[in-house]
Amino acid sequence: MRHYFLIMALGFFSGCNAEQPPHPWLHELDADDGVKSSGLRLMSLEHGLHALERANDNPQDRILVGVHGYASEGYEWVYPLQKMDSERTSTYYFRWDYKQCAEPSADSLQTALGELLKAEPGIKHVQLVGHSYGGILVSLLVENWTYGIPIEIHVVAAPLAGMGELAQHCGYMPPDTVADNVTFFQWRTRHHLDNAFKNLDVDPQIINLPAASIIELPDTYRGRRLGHNWSLSWVADSLATKNEDTFLK
């Protein structure tokens, strides 16, 4: 599975020209027939934290950030981001260089969030959702979240035990403690159904972190095998319900 994290280029980059797609405003993205082109709009963003919604007059007290995985085409994020969004949520997408080690990008994300929290003093809660290699990135904040605002960190179908050459070249170690103001959730796919992991003898999602809340995903979703990318949609449905019950009353 070395190629999973070390492949050097995405096919769609070779076809890019100087004209960039329009900014991927969340309400304009198409989760149906146009989902692939909507995904490419997300992945055309420069590296960094990007707002997916224009400023409005509704009071917003919550930040939601989606963090993509390795070699993502973005389409797997369109429905989940729209589903988890609400009138009181400011939704963002973090675009990063997945061909490199995750730690520098995790530092950049934390710095960007600190600047955002300073600029938006009404924010009371942060929710990060990282998928696959993006789950590794957001897991690096589990021990190192330095702000007083509570944060939920969700990793979805993420090889937190390490995979490929992460440990050798990046010095990656899974978290073993959870910082104050952090709540950590790990959403695990079924090892034998996840195409990213099923050929590995040991499920790389499994780590020993007693403070984590672990949710095992089911075998199917909407009548289909619940694999690596579909996992995000299942989690989005669950989080949208949870957020409605918890934060949005």
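Mentor: A disulfide is a pair of cysteine sulfur atoms within 2.5 Å. Please note that this is a predicted model.

Trainee: Which residue does a disulfide join to C101?

Mentor: By the 2.5 Å rule, the count comes to one disulfide. The S to S distance in this link is 2.0 Å. The partner of C101 is C170.

Trainee: How many residues apart are C101 and C170, and where does each lie?

Mentor: C101 lies in the loop between β3 and α5 (102–119), whereas C170 belongs to helix α7 (residues 166–170). The pair thus links distant parts of the chain, with a separation of 69 residues.

Trainee: Is S86 buried or exposed?

Mentor: S86 lies in the loop between α4 (75–84) and β3 (89–95). Its relative accessibility is 18%, and the cut-off for burial is under 20%. S86 therefore counts as buried.

Trainee: With which side chain does the side chain of S86 make a polar contact?

Mentor: The contact joins two side chains at 2.7 Å. The partner of S86 is T89.

Trainee: Which are the edge strands of the open sheet of seven strands?

Mentor: The strand order is β1-β3-β2-β4-β5-β6-β7, with mixed pairing. An edge strand pairs on one side only, and this applies to β1 (48–51) and β7 (213–216).

Notes:
Residues numbered from 1 in each chain as written. Predicted model: local features only at pLDDT ≥ 70, side-chain atom pairs only at ≥ 80, totals over all residues. Heavy atoms only, no water. Helix = DSSP H or I, 4+ residues; strand = E, 2+ residues; numbered from the N terminus. Buried < 20%, exposed > 50% of the residue type's maximum accessible area, 1.4 Å probe, protein only. Polar contact = N/O pair within 3.5 Å; in protein donor to acceptor, adjacent residues only side chain to side chain. Pairing = 2+ DSSP bridges.
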